[in-house]
Amino acid sequence: LYPKNKTTSIKFDFTKMQSIKNDKNKALKDAVFNLYKGEAGKGKLIPWDIKSDEAGKISVVDLEVGNYYFVEKSSANGKLISKHYLNDANNKLTFSVGKDANITFNETSFFKDSKNVVNYEKPEFRKDITGFPEDIDKVVHNYDEDEAIPFDLKTYVPKDIKDYQQFKISDVPDKSVEIDKTSINVKVDGTVLEKDKDYELITEKLDGNKAFEVKLKISDALAEKISGKEIVVNYKAKITDKAEMNKVLENTAELNYNNGVTTDKIQDKEQIETYGKKFVKKDAGLWGTTLLGEGGLKDAHFRLEKENKGNWEIVEKFKDVVSKEDGSFEIKGLKEGKYRLVETKAPEGFRLPDGDDAITEFTLDAKLKDANNKVLNVKNSKDTPLPVTGLDAMGYTVVATVGLLGVAIVTKKKKEVNA
């Protein structure tokens, strides 16, 4: 018997390749294909899986006369399947077996002229504070309130970017972090990309609390410029007065992409902090004791100074801090360092301490957050109508103490009588 439509000697093979970042393409092992017979997107499945070997080779034998195409079922080594390898009319892995046993290719086939059948790398993405890429997930940097903080959003662009349907980068800052939208720029290899030509910058009416979105306007010209390279989105941000002191502020960036087959997103975070300290101004009591004291005092005035290379510099934002009705006050929005409060005006009826007594030193340390959160008491003594020293002071203390005891005894006796 001789079947007219079958040629047992016909064999077809090709090599499956993978794109390697910053290197030449290499063979891809364990990519899985199916073979279909018929028109692309409408063919009949030949029911077995074909897996690429160590050399990336895919082989089929015993082919009948007719039209064929391969569909990639699964990739390997983390590479993405191309939109050209799907079971649809746009499939580019087509070939035909003629009655004369010859294999031919149409104009759109990747097999024509020995084109590579390549699976490309996934995009890469990360968020850094400029100058500190090595600190990823290790160090939380701290800043003063309103200090400009430079951020980089970095993404490696796959070599098949021309086939992508979407490639956009967005950023969601902490609610207490404000992005300077005028500072946003996009670069590749140090060259600034053109806004509105190479990408669209969206800063309003975005979902999910996004501050901005950079959406590439993919064209053949742009693809040639950025393929296989790193895009960097630079911008500046600052911590606002809404920030809670001594707590981590988390800022999340995101890359969304669609290569025609895989739609996915990659997120990365950077954490920043700002520190502060709480205080209570208190009545030190009679002659510096706690007797009749320890209540909160309002309207005490202070200035904050920071140590810088052995010198004390006034922190302009806190050059006049005033205690509240209950004596409490706080300073916040500061980076780590050594600080001191200098009392400049005492509450009414209280004495302004002299020299070192007017100074309260403290340290804000990124590693000692419990210490940062500890409330410090700052005490003031009452003014005395007459200078009191030595035995006179002792005498006043005895008189005051005896007087208080007398008041207590009289009160007790009255209570006993009333009982």
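Hi everyone, let me start with the rings: by the rule I'm using, the count comes to 23 aromatic pairs. That rule takes the rings of Phe, Tyr and Trp (its six-membered ring) and pairs them if their centres lie within 6.5 Å, with planes under 30 degrees apart called stacked, over 60 edge-to-face and the rest tilted. One of these pairs is Phe-33 with Phe-70, where the centres are 6.3 Å apart and the planes stand at 85 degrees, so this one is edge-to-face.

A quick word on what you're looking at. This is a predicted model, in which local features need pLDDT of at least 70 and side-chain atom pairs count only at pLDDT 80 or more, while totals for chains, interfaces and linings use all residues. Residues are numbered from 1 along each chain as its sequence is written, and side-chain values use heavy atoms, with hydrogens and water left out. Strands are DSSP runs of E, at least two residues long, numbered from the N terminus.

Back to our pair. Phe-33 is buried at 0% relative accessible area, and Phe-70 also counts as buried, at 0%. For me, buried means under 20% relative accessible area, exposed means over 50%, and partly exposed is in between (1.4 Å probe, protein chains only). Both rings belong to a cluster that ring pairs build from Phe-12, Phe-14, Phe-33, Tyr-68, Phe-70, Phe-95, Phe-105 and Phe-111.

Elsewhere, Tyr-164 and Tyr-257 make a tilted pair, 6.2 Å centre to centre with 45 degrees between the planes. Tyr-164 is in the loop between S12 and S13 and Tyr-257 is in strand S19 (residues 247–258), so this pair ties together parts that are 93 residues apart in sequence. Tyr-164 is buried at 5%, and Tyr-257 is buried at 1%.

Rings also meet charges here. The charged end of Lys-21 sits over the ring of Tyr-156, 4.8 Å from its centre, and the charged end of Lys-127 sits over the ring of Phe-151, again 4.8 Å from the centre. The test asks for NZ of Lys or CZ of Arg within 6 Å of the ring centre and within 35 degrees of the ring normal.

Now, salt bridges. Side chains of opposite charge can pair when their charged atoms come close. How many salt bridges does a search of the whole structure find? It finds 32, taking a side-chain nitrogen of Lys or Arg within 4 Å of a carboxyl oxygen of Asp or Glu.

Let me pick out a few. Lys-73 and Asp-49 meet at 3.1 Å, N to O. Lys-73 lies in strand S6 (residues 66–74) and Asp-49 in strand S4 (residues 44–51), so the bridge ties together parts 24 residues apart in sequence. Asp-49 is partly exposed, at 46%.

Lys-281 and Glu-343 form a salt bridge at 2.7 Å, N to O. That one links strand S20 (residues 263–283), which holds Lys-281, with strand S25 (residues 337–345), which holds Glu-343, 62 residues apart. Are these two buried or exposed? Lys-281 is buried, and so is Glu-343.

Then there is Lys-338 with Glu-361, at 3.9 Å, N to O. Lys-338 lies in S25 and Glu-361 in strand S26 (residues 359–364), so the pair joins parts 23 residues apart in sequence. Lys-338 is partly exposed at 39%, and Glu-361 is partly exposed at 45%.

What about a charge without a partner? Asp-174, in the loop between strand S13 (166–172) and strand S14 (177–188), is buried yet has no salt bridge; the nearest side chain of opposite charge, Lys-175, is 6.7 Å away. For that search, Lys and Arg count as positive and Asp and Glu as negative, with His and the chain ends not counted. Leaving aside neighbours within four places in sequence, Asp-174 is in contact (heavy atoms within 4.5 Å) with Leu-249, Glu-250 and Asn-251.Last stop, the sheet: 5 strands form an open sheet in the order S10-S12-S18-S14-S15, with antiparallel pairing, where two strands pair if DSSP finds at least two bridges between them. Its edge strands are S10 (124–129) and S15 (191–192), each pairing on one side only. Thanks, everyone!

How values were computed:
Helix = DSSP H or I, 4+ residues; strand = E, 2+ residues; numbered from the N terminus.
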